[in-house]
Amino acid sequence: MSVKVEKAPEKFEIPKGLFVETVTSVQHYTESLFKFRITRPASFRFRSGEFVMIGLPNAEKPVFRAYSIASPSWDEEIEFYSIKVPDGPLTQHLQKVRAGDSILMRKKPTGTLVNDALLPGKRLYMFATGTGIAPFASLIRDPDTYEKFDQLILCHTCRQVAELRYGHELVAALKDDPLVGDLAVQRLIHYTTVTREDFPFQGRQTDLMASGKLFDDLGLPPLSVADDRAMICGSMDMLRDTKAALEGFGLQEGSNSKPATFVVERAFVG
Ligand SMILES: Cc1cc2nc3c(=O)[nH]c(=O)nc-3n(C[C@H](O)[C@H](O)[C@H](O)COP(=O)(O)OP(=O)(O)OC[C@H]3O[C@@H](n4cnc5c(N)ncnc54)[C@H](O)[C@@H]3O)c2cc1C
């Protein structure tokens, strides 16, 4: 049974292992994309790039889904960047949240798109499609990422230009960020491409890597095991193809327990 999204009922019993947090702001970008921010519980710790399970207090057994935390680990609030699936069990309701509404969040974050899962290197490539930009929105706002890598390259590809807006606004706002503003201006490259509309940069990241255009556009040499590290976040197909491309350059997949030269995480299942 599901009911209208609203504040958690006063007598809502908070199950163990769950935080009940309050939405502080919501911004819609397209018919299928929006961002929202929630209060951060004082005891909630995570590493930039991790994900957590979230849900709504709108049913006896709420639906929980994995969400990358888009804000950095030092932020006072938690930010999420979300798809709106028309009949999606969670997002058909989640897309209607407003400031003041309640969000349920499981207490244990996890994930592989973390600086610790990569060996030190010169450059960090972040390859994202669609909402796969979310974990990187966290990492590019974290001073630790600039400490570990000299240069950060955020590659974001969407079908349409409007779907790049969250990333463009995020990077534009970084220059005023008190913690990483100067670092980002000097050391972050944001490379955006579109696959289904006219745009100065077009095509899939894997094709652009294969042709060498991606590296020509960036003014950087092709990937090397000595200098380059990478993180990938997108659909299953995108992960498979990008992983194969990186392996073609000699990079190897790592994990929290065995850091290596690239790491991978699904942006969604299906
Ligand atoms: C590790 C991990 C991290 C995730 N982080 C995010 C995130 O930061 N933001 C986010 O919006 N989603 C994220 N997801 C997906 C999320 O868990 C849900 O699938 C999504 O919120 C839709 O939930 P739903 O219940 O409405 O529909 P679901 O039943 O979960 O999905 C229905 C269908 O919608 C499509 N779909 C689902 N999510 C997406 C998406 N993000 N982009 C494109 N198509 C999609 C798929 O085809 C899926 O089969 C993540 C998933 C994983 C595994």
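The structure is a predicted model, in which local features need pLDDT of at least 70 and side-chain atom pairs count only at pLDDT 80 or more, while totals for chains, interfaces and linings use all residues. Residues are numbered from 1 along each chain as its sequence is written.

## Overall architecture

The protein chain comprises eight helices and 11 strands; helices (H or I, at least four residues) and strands (E, at least two) are DSSP runs, numbered from the N terminus. Along the principal axes, the C-alpha atoms occupy a box of roughly 60 × 40 × 35 Å.

Of the 270 residues, 41% are buried. A residue is buried if 20 or more other C-beta atoms lie within 10 Å of its own, exposed if 12 or fewer, and partly exposed in between, with C-beta atoms placed from the backbone. Among contacts with a separation of 6 or more, 71% join residues 24 or more positions apart; two residues are in contact if their C-beta atoms, placed from the backbone, lie within 7 Å.

Five strands form an open sheet with parallel pairing, in the order 9-8-7-10-11. Strand 9 (188–194) and strand 11 are its edge strands, each pairing on one side only. From one strand to the next, the twist averages 10°. Strands pair if DSSP finds at least two bridges between them. Although strand 11 lies at an edge, four of its five residues are buried.

## Strand 3 and its antiparallel partners

Strand 3 (residues 51–55) has four buried residues out of five, so it is largely enclosed by the rest of the structure. Strand 3 pairs with strand 4 (residues 65–68) and also with strand 6 (residues 102–106), in the antiparallel sense in the former case and likewise in the latter.

| Strand pair | Sense | Bridges | Facing residues |
|---|---|---|---|
| Strand 3 and strand 4 | antiparallel | four bridges | Phe51 and Ser68 |
| Strand 3 and strand 6 | antiparallel | two bridges | Ile54 and Met105 |
| Strand 10 and strand 11 | parallel | five bridges | Ala230 and Phe262 |

Helix 8 (residues 236–248) has 13 residues, which at 1.5 Å a residue should span 18 Å; its end C-alpha atoms are 18 Å apart, in agreement. The expected span is 1.5 Å times one less than the number of residues. The buried residues of helix 8 are Met238, Thr242, Ala245 and Leu246. Seen down the axis of helix 8, these residues fall within an arc of 95°, so they line one face. The arc is that of the directions from the helix axis to the C-beta atoms. An α-helix has 3.6 residues a turn, so residues three or four places apart point the same way. On the other side of helix 8, Met236, Asp237 and Ala244 are exposed.

The cover over the buried residues of helix 8 includes strand 7 (123–129), helix 6 (205–211), strand 10 (228–234) and strand 11 (262–266). Helix 8 lies across strand 7, strand 10 and strand 11, and runs at about 165° to strand 10. Axes are lines fitted to C-alpha atoms, for helices over the stretch in contact, and angles run from 0 to 180 degrees between N-to-C directions. Just after helix 8, Gly250 adopts a positive phi of about 95°.

In helix 4 (residues 165–174), the buried residues are Tyr166, Gly167, Leu170 and Leu174. Viewed down the axis of helix 4, they lie within an arc of 95°, so they line one face of the helix.

## Two exposed residues

Ser255 belongs to the loop between helix 8 and strand 11, and is exposed, with 12 other C-beta atoms within 10 Å. Leaving aside neighbours within four places in sequence, Ser255 is in contact with Thr112, Ala117 and Val263. Ser255 and Thr112 are 143 residues apart along the chain, yet their C-alpha atoms are separated by 6.0 Å.

Gln186 is found in helix 5 (residues 181–187) and counts as exposed, with 10 C-beta neighbours inside 10 Å. Gln186 and Phe80 are 106 residues apart in sequence and 26 Å apart in space, C-alpha to C-alpha.
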